[in-house]
Amino acid sequence: MNEIYEAIKTSAIRIRELIEYDDTGYSSSINTTGDTQLKIDIKSDLVIEEEFRKIPSIKEIISEEKENKTSLHDNGIYTIGYDPLDGSSLIDVDLSVGSIFGIYEGGSNGAHLKAAVYVVYGPRVELVIAESDVKMYRLNQKNEFVYMHDIKLKEKGKLNAPGGTQQGWSKSHKKLIDDIFQDGYRLRYSGGMVPDLHQILLKGGGLFSYPGTTDVPKGKLRMIFEVFPFAFVFEQAGGAAINDKNQRILDLVPSHPHDTTPCFFGSKKEIERVMACYE
Ligand code: AHM
Ligand code: MG
């Protein structure tokens, strides 16, 4: 597993360089979800693939930027699902973005997840590795990721990050979000799930939601590259992650690599509120 973490660190340093200095314009290609890809999405994907090709324990990779799996090493054991540059449309306005990795063994269902890693490219570069605990690292001037501290959620937080087009929310979802604000929670939402979830994790807790809406009934966020890795991080940090049927996210089984799901990530108390609303 360590060699995988090292490959992710090398990729992150290279991607940071692209974010800071490279062209942020559109390419001429469209990805599986129908988004026009930025040149930087494609380049970040290539950087990660190049670094992962050097690691014999990786059997195959599934990228948000590609339609199908890519086989790497026949004798490898791990499948890595990743989103090379999540929230990349925010680079134009100089907001934080991230990379997300799920390290799976034996398949790519939630239950196959062995570890999850994400990188936040903000004013500083931070990297979080979740195994049986959740550890945060920060990039220093010598391009080394230095361990900072473990991440542990409190039972209840203060932040609310409500995603999805409000016009398409159900009445009960709108009431849930309104009630949470009524209880004094503060709005913290940038539109990049990596910095939005990172903020909730570091500030002790809260709720991030991306429900099914009338325009996207199954939500927007993809299970293998985005939702499963963060569900793993939240559980290992002492929180929880569920869908709109009150099922644990990590029990879900996607039928296609790009399947999406409504999702809720939070500390224990906020997830209990979601369960009461969606039961
Ligand atoms: P992307 O992978 O195309 O960048 O989309 C994922 C991002 C998430 O970071 C964020 O939570 C969500 O899209 C916001 O989407 P929207 O503004 O369309 O609701
Ligand atoms: Mg994404």
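**Close-ups of a predicted model**

**View 1. Helices α1 and α2 side by side.** In this predicted model, the axes of helix α1 (residues 2–21) and helix α2 (residues 39–53) come within 9 Å and cross at roughly 155°. An angle over 145° counts as roughly antiparallel, so that is the label for α1 and α2. The way α1 passes α2 is a right-handed crossing. On the α1 side, the contact is made by I4, A7, I8, T10, S11, R14, I15, L18 and I19. On the α2 side, look for I40, K43, S44, V47, I48, E50, E51 and F52. Sort the residues of this contact by type and you get 10 nonpolar, three polar and four charged.

**View 2. Who holds the magnesium ion (ligand 2)?** The protein donors here are E64 (OE), D83 (OD), D86 (OD) and E226 (OE), and they lie 1.8 to 2.7 Å from the ion. Along the sequence, these donor residues follow the spacing E-x18-D-x2-D-x139-E. D86 sits in strand β5 (residues 78–86) and E226 in helix α5 (residues 223–236), so this pair ties together parts that are 140 residues apart in sequence. Are D86 and E226 buried or exposed? The cut-off for buried is under 20% relative accessible area. D86 has 8% relative accessibility, so it counts as buried. E226 comes in at 0%, so it counts as buried too.

**View 3. L201 and its neighbours.** Zoom in on helix α4 (residues 193–202) and you'll find L201 there. Its relative accessible area is 1%, so L201 is buried. Which residues does L201 touch, leaving aside those up to four places away in sequence? They are Y118, I151, L153, V233, F234 and A237. Check K152 as well: it is 49 residues from L201 along the chain, yet the C-alpha atoms of the two are separated by 7.4 Å.

**View 4. Helices α3 and α6 packed together.** Here's another helix pair to look at: the axes of helix α3 (residues 171–182) and helix α6 (residues 268–278) come within 10 Å and cross at roughly 150°. That makes α3 roughly antiparallel to α6, and their crossing is right-handed. From α3, the residues that take part are S172, H173, L176, D179 and I180. They meet R273, V274, C277 and Y278 in α6. Grouped by type, the contact has five nonpolar, two polar and two charged residues.

Note on methods. Residues are numbered from 1 along each chain as its sequence is written. Chains are lettered from A and ligands numbered from 1 in the order in which they are written. This is a predicted model: local features need pLDDT of at least 70, side-chain atom pairs count only at pLDDT 80 or more; totals for chains, interfaces and linings use all residues. Side-chain values use heavy atoms; hydrogens and water are left out. Axes are lines fitted to C-alpha atoms, for helices over the stretch in contact, and angles run from 0 to 180 degrees between N-to-C directions. Helices (H or I, at least four residues) and strands (E, at least two) are DSSP runs, numbered from the N terminus. Angles under 35 degrees count as roughly parallel, over 145 as roughly antiparallel, 65 to 115 as roughly perpendicular and the rest as oblique. A crossing is left-handed if the near helix is turned anticlockwise from the far one by less than a right angle, and right-handed if clockwise. Contact means heavy atoms within 4.5 Å. Ala, Val, Leu, Ile, Met, Phe, Trp, Tyr, Cys and Pro count as nonpolar, Asp, Glu, Lys and Arg as charged, and the others, Gly among them, as polar. Donors are N, O and S atoms within 2.8 Å of the metal (3.2 Å for Na, K and Ca); water is not among the atoms, so sites may look incomplete. Buried means under 20% relative accessible area, exposed over 50%, partly exposed in between (1.4 Å probe, protein chains only).
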